[in-house]
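I am opening a notebook on a structure that is new to me. I will look up its helices, strands, charged pairs and surface, one entry at a time.

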Amino acid sequence: MSSLYWMWDKELTPEKCQDIIDRAGSDFEKAKINTEEGSGSVSRVNNKTRKTNIHWNNDQDLFDMAFHYMQGANKKSGWNLQVDAAESFQIGQYPTGGHYNWHVDGLGIDPINAPENNTMHGKTRKISMVVWLNEDFKGGDFQFHKSHLKSNVIKPKQGSIIMFPSWVMHRVTPVTQGTRYSMVSWFVGKPIR
């Protein structure tokens, strides 16, 4: 039997977490949501669905760290999913009122159409990763949908890492005080079917 998620509690030091936040500096942009319109996908800001500022990062030390934890989670959880790459890291900044409504990160079957990127083209998201970089805020809980897990609320703790299959529905509840920081990425491989 496999686990719904795999978690390391307070695994990264506060100094490492602050280092990751500092890599973004003030270079954040408003997160956009992809929606299907007409014959294609359109990306735009939609604060009803998601209110987050993001920064993209491709530092090799973060890939090395993330793959180490992903390989452990993939094996120990019993998922045993074929994975051979990871997407860029998204450092998220959730101000007061920041949130991300119910969503899945991928279905494990839809290939990414990026012919200019050999690493991603034809792959699909299989494992999602969240690293909580601070805890000096209120609200901003991570929650799995109750259809997946009865005890479904996880209070972010600085330095904790969670991995789960990308097709598990989840959300971030609104931040009520302070600013929440996290780092996410998605591990990709060949579509399941």
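Does D141 count as buried or exposed? I found that D141 counts as buried, at 12% relative accessibility, where buried means under 20% relative accessible area, exposed means over 50%, and partly exposed lies in between, with a 1.4 Å probe and protein chains only.

Before going on, I noted that this is a predicted model, in which local features need pLDDT of at least 70 and side-chain atom pairs count only at pLDDT 80 or more, while totals for chains, interfaces and linings use all residues. Residues are numbered from 1 along each chain as its sequence is written, and side-chain values use heavy atoms, with hydrogens and water left out.

**Entry on K155 and D141.** I looked up the partner of D141 and found a salt bridge with K155, the closest N and O atoms being 2.9 Å apart; a salt bridge here is a side-chain nitrogen of Lys or Arg within 4 Å of a carboxyl oxygen of Asp or Glu. The pair links distant parts of the chain, with K155 in the loop between β13 and β14 (161-165) and D141 in the loop between β11 (138-139) and β12, 14 residues apart. K155 counts as exposed, at 53% relative accessibility.

**Entry on the sheet.** I then followed the strands, which, like helices, are DSSP runs numbered from the N terminus (strands are E, at least two residues; helices are H or I, at least four). Five strands make an open sheet in the order β5-β9-β15-β12-β13, with antiparallel pairing, and two strands pair if DSSP finds at least two bridges between them. Its edge strands are β5 (50-51) and β13 (153-154), each of which pairs on one side only. Strand β12 (residues 142-144) pairs with strand β15 (residues 170-172) in the antiparallel sense over three bridges, and I noted that F144 has H170 as its bridge partner in β15.

**Entry on helix α1.** In helix α1 (residues 14-24), I listed C17, I20, I21 and A24 as the buried residues. They lie on the same side of α1 because they cover an arc of only 100 degrees around the axis, the arc being that of the directions from the helix axis to the C-beta atoms. The face turned away from the buried side of α1 carries the exposed residues E15 and D22. Among the elements covering the buried residues of α1 are β6 (53-57), α2 (60-76) and β8 (89-94), where contact means heavy atoms within 4.5 Å. Just after α1, G25 takes a positive phi of about 55 degrees.

**Entry on the charges of α1.** K16 and D19 meet through their side chains in a salt bridge (3.9 Å, N to O); being three residues apart in helix α1, they are separated by about one helical turn. K16 is partly exposed at 26% relative accessibility, and D19 is partly exposed at 29%. I also found a salt bridge between R23 and D59, with the closest N and O atoms 2.9 Å apart; this pair links helix α1 to the loop between β6 and α2, 36 residues apart. A network of salt bridges links K16, D19, R23, D59 and D61, and the structure holds 10 salt bridges.

Last, I looked up L107, which is found in the loop between β9 (99-103) and β10 and counts as partly exposed at 45% relative accessibility.
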